[in-house]
Amino acid sequence: MMATWLRECALTLAIAASGGVLAGIAGIPAGWLAGPMIAVAAAAVLRVPVAMPTSLRDGGFAILGTMIGTTLDRRTLEALPEWPVSIAGLVIGIAIMLAVIPAWLHRLHGIDRKTARMCAMPGAMAFVILHAIETGADSRRVAILQILRLSTMLLVVPGLFAVIYGTGAPRASGDVPSLSWPVALGLVAAGYAALPLARRLRFPAPAFFAPMCLSAGLSLTGWFDRGPLPLELMLPALIVSGAAIGSRFRGTSPRYLLESVRAGLGSVILAVAISGILAWIVARITSFPFLQVLLAYAPGGIEMMTVLSLSLGLDPAFVAGHQLMRFVAVCLILPFLVTRS
C-alpha cells in the first residue's frame, strides 16, 4: 500500500515538473504554477493515478504564502492615500463582481452558491482553491474557473497590448535581489510552524494565509528588506502547489470539464467588462491614463500586470499597489462570504 502511494506521488511530481518545464519553454506567464496544475489535471482526467500528500501540499502552499507576504512593504502602504478615487473604483469593482458573477453562475449554470462565490473571486487563485478544498466546496469547479480567468488575463491582455503597442512579451525583472537563504528559510519555517495555531484559530486556508500574514507583518515592520524568495526555493513550491491543485481533478469527466469551461467563459467576460468600464470611468474622473487603471483593475496576475505597465511607460507602483490591495481584500473577504453560503 505504501509502495503504491509513493509511486503515485512520484509520478504526480514527475508529471507536474514536466508541465512546468514545458510551460517555461513556451513562455506561458505564471507557467511554473499553471503548467504543473494543467499537466496533473489533464493526467487525472485521463485516469492516471495522481496523488499528493497533505503534508507536502501544505509545505508548498506555505512557501507560496511567504512569497506573497514578502511583496508587501511600508512604501506600498504609504502610497495608497494618494489614490483615493482609483481605490474607491477598485472596491466598487470587487463588490460588483461578487454580486453579479456568482448570481450568473448559480442561476444560469446551477452551481451552488458557495462554489459560485469562490469561482467569482477576482484573484488570489491559490488561496481561493485551497480554501475551497478545506471548506467542502466543489474545488475542481473552482480550480477550472480560476485557472480560466487567470489564463485569460495573463495570456490575452499582455498579448493584446503587445500587438497594439509593439512591446515585447513582458518578463519579470531580475533587478531586485532575492532574500538571503537564512532569511528565506527562517520565514518559511516560522510560517509552517504557525500552522497548528492557525488551524486552532480557524484561519482560512491556514497553510497559505498564516505564512503570508507572518511574512507580510515582518516585511511591514522592516525586519528584512523587500525581495523575492530564492528561485531554487520557489520553483519546487510552485510545482508541488500546482500538482496538489491538479490532483483534485481525479475522477473528473471530460463532460464536467467542458461544462465548467463554458460556465467560466461567461464569468471571465463579465469580470473583464466590469474592470474595463470602471477603469474608463476612473480615468475620466482622474488624470490617470486609462491603460494604467485597466492594468491596476485587471482581476489577476500581480507580477505580469506590473511588468507590463513598466514596459508601456506607465506607473508600476500604481498598478502593483492596486493589485496587492485587491489580493489582500480577496483573502479577507472570502471567509465571510463562505460563512454566509
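**Terms and their grounds**

Mentor: Please note that this is a predicted model. Ser86 touches Val282, Phe288, Tyr297, Phe318 and His322, leaving aside residues up to four places away in sequence.

Trainee: Why is Ser86 called buried?

Mentor: Its relative accessible area is 0%. Buried means under 20%, so Ser86 is buried.

Trainee: How do you know that the side chain of Ser86 makes a polar contact with Trp83?

Mentor: The side chain of Ser86 reaches the backbone oxygen of Trp83 at 3.2 Å. The limit for a polar contact is 3.5 Å, so this pair qualifies.

Trainee: Why are α2 and α12 called roughly parallel?

Mentor: Helix α2 (residues 31-45) and helix α12 (residues 231-246) pack at an angle of about 30°, and their axes are 7 Å apart. Angles under 35 degrees count as roughly parallel, so the two helices are described in this way. Their crossing is right-handed.

Trainee: Which classes of residue form the contact of α2 with α12?

Mentor: That contact has 12 nonpolar, three polar and no charged residues. Among those that meet are Trp32 and Leu33 in α2, and Leu235 and Gly242 in α12.

Trainee: How many helices and strands are there in the protein?

Mentor: The protein has 16 helices and zero strands, and buried residues make up 52% of its 341 residues.

Methods:
Residues are numbered from 1 along each chain as its sequence is written. This is a predicted model: local features need pLDDT of at least 70, side-chain atom pairs count only at pLDDT 80 or more; totals for chains, interfaces and linings use all residues. Side-chain values use heavy atoms; hydrogens and water are left out. Buried means under 20% relative accessible area, exposed over 50%, partly exposed in between (1.4 Å probe, protein chains only). A polar contact is a pair of N or O atoms within 3.5 Å; within protein, one must be able to donate a hydrogen and the other to accept it, and residues adjacent in sequence count only if both atoms are side-chain atoms. Contact means heavy atoms within 4.5 Å. Axes are lines fitted to C-alpha atoms, for helices over the stretch in contact, and angles run from 0 to 180 degrees between N-to-C directions. Helices (H or I, at least four residues) and strands (E, at least two) are DSSP runs, numbered from the N terminus. Angles under 35 degrees count as roughly parallel, over 145 as roughly antiparallel, 65 to 115 as roughly perpendicular and the rest as oblique. A crossing is left-handed if the near helix is turned anticlockwise from the far one by less than a right angle, and right-handed if clockwise. Ala, Val, Leu, Ile, Met, Phe, Trp, Tyr, Cys and Pro count as nonpolar, Asp, Glu, Lys and Arg as charged, and the others, Gly among them, as polar.
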